[in-house]
Amino acid sequence: MRNVKSEIPLLPPAALRKIETLSVLRKEAAARQALAELKGFAPAIPNQNILINAIALQEAKESSAIENIVTTQDELYQNFTVKSSPVDSSAKEVINYREAMYKGYDIIKKRQAIGVNDIVKIQETIIENNAGIRRLPGTALVSGAANTVIYTPPQDYGEICRLLDNFCVYLNDEENSLWKMAVLHYQFETIHPFYDGNGRTGRILNILYLLLKNYLDTPILYLSSYIIKSKNTYYALFQEIREKGIWENWVLYILEGIEATSRQTLQKVRAIKNLFELTLERIREGCPKIYSKELVEIIFENPYSKIDFLVHKLDINRKTASKYLKELEENHFLSHIQIGKEVLYINTALMEALKK
Ligand SMILES: Nc1ncnc2c1ncn2[C@@H]1O[C@H](COP(=O)(O)OP(=O)(O)O)[C@@H](O)[C@H]1O
Ligand SMILES: [Mg+2]
């Protein structure tokens, strides 16, 4: 791979007609179909927070792992639940990532558009600093193994801003295809507007795009698990556009990702739904004195629950909440772990379903 100096064409790409090839249009149709099935099935889970929480946290973990920030799942949920405990730094980045996604989701719900300032806010949340858009030169993309510069993004603040404005105009316009998400993701990573966090911000923009264009009602489709398995292809296809102007392989790669991930997510949603209904039934029969639908929802909204959650959501006192959790544990719905002063109750069956 050679170092390509930036001279980034504005969107839409001049080669637009070349993007909509027959194979792209076929793949676009297949991806739309898979995504529509997922969108259609998601409301079968009565409380959407269950889905959003579980799936978003999983994505936060995987998207961060692409950038070599690795945290194990168990640590992650624990850190999220025990707010007061000293949070391990990589788990913290993952939690920030999830918070950034929720911020983006709120913006979309309120305004049905994404602006440059929103993108800056999302990145700030991930990175936890407000350096904002790059003003100092020196940022380059370096390939890990050989330590060579493979790409130098624009260095000039004014140029970066101009490219980001153009990015947002194109993002918000009336062209709604799925292949456009691939074009946008490439462009964003090529502008590389920030000192750090460009990859993660770009992948959050992907899900926001799907929400904005009504491909989904809730943020439950994420490509990171797909990208992580094909990281070298992901990087190489960026370079193929830069060096040779070939879009098709990149667009097909992203469309395939949407299709495959939609199917996997659909399976996961089905598994969560079945488990939820089964647990509802079993708690109703096995623990009739404490049973309520809200209680079951709490232990699904958070794979790790604690007394506070029950106190707030069920409006009961701490003693009663503790009694409920203990009874659920005695009946094998939960198992507890102690972290510092805090006791957490794990929904182990849900954790298993999420890991699959
Ligand atoms: N040729 C390339 N090789 C590798 N990564 C690239 C390339 N072009 C763009 N990128 C993007 O750069 C991201 C890494 O940039 P960075 O600012 O460190 O983001 P983060 O901190 O989220 O990892 C990658 O995830 C990828 O999306
Ligand atoms: Mg980085």
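Domain bounds in this description come from an automatic or database domain assignment. On that basis, the chain is divided into domain 1, covering residues 4-264, and domain 2, covering residues 287-355. The C-alpha centres of the two domains, domain 1 and domain 2, lie 34 Å apart. The structure is a predicted model, in which local features need pLDDT of at least 70 and side-chain atom pairs count only at pLDDT 80 or more, while totals for chains, interfaces and linings use all residues. Residues are numbered from 1 along each chain as its sequence is written, and chains are lettered from A and ligands numbered from 1 in the order in which they are written.

The secondary structure of the chain comes to 16 helices and 6 strands; helices (H or I, at least four residues) and strands (E, at least two) are DSSP runs, numbered from the N terminus. The chain has a radius of gyration of 22 Å, close to the 21 Å that the globule rule gives for 356 residues, so it is as compact as a globular protein of that length. Here the radius of gyration is taken over C-alpha atoms, and the globule rule is 2.2 Å times the number of residues to the power 0.38. Along the principal axes, the C-alpha atoms fill a box of roughly 65 × 40 × 40 Å. Of the 356 residues in the chain, 40% are buried. A residue is buried if 20 or more other C-beta atoms, placed from the backbone, lie within 10 Å of its own.

The contact between the domains takes 12 residues from domain 1 and 13 residues from domain 2, two residues being in contact if their C-beta atoms, placed from the backbone, lie within 7 Å. On the side of domain 1 that touches domain 2, α3 (48-66) and α4 (73-81) each supply at least two residues. The largest share of that side, 5 residues, comes from α3.

Strand β5 and strand β6 (residues 342-346) are joined in the antiparallel sense over 5 bridges, and His-336 stands opposite Tyr-345 in β6.

A further antiparallel pair consists of strand β2 (residues 141-143) and β3, which are linked over 3 bridges. Ser-143 stands opposite Thr-148 in β3. The two strands β2 and β3 form a hairpin with 4 residues between them, and Asn-147 in the turn has a positive phi of about 60 degrees.

Ligand 1 is surrounded by 15 residues, of which the closest are Glu-67, Glu-189, Asn-198, Gly-199 and Arg-200; a residue is near the ligand if its C-beta atom, placed from the backbone, lies within 6 Å of it. The elements that give two or more residues to this shell are β3 (148-152), α9 (198-212) and α11 (231-244). The largest share, 4 residues, comes from α9.

Definitions and conventions
Pairing = 2+ DSSP bridges. Buried ≥ 20, exposed ≤ 12 C-beta atoms within 10 Å, placed from the backbone.
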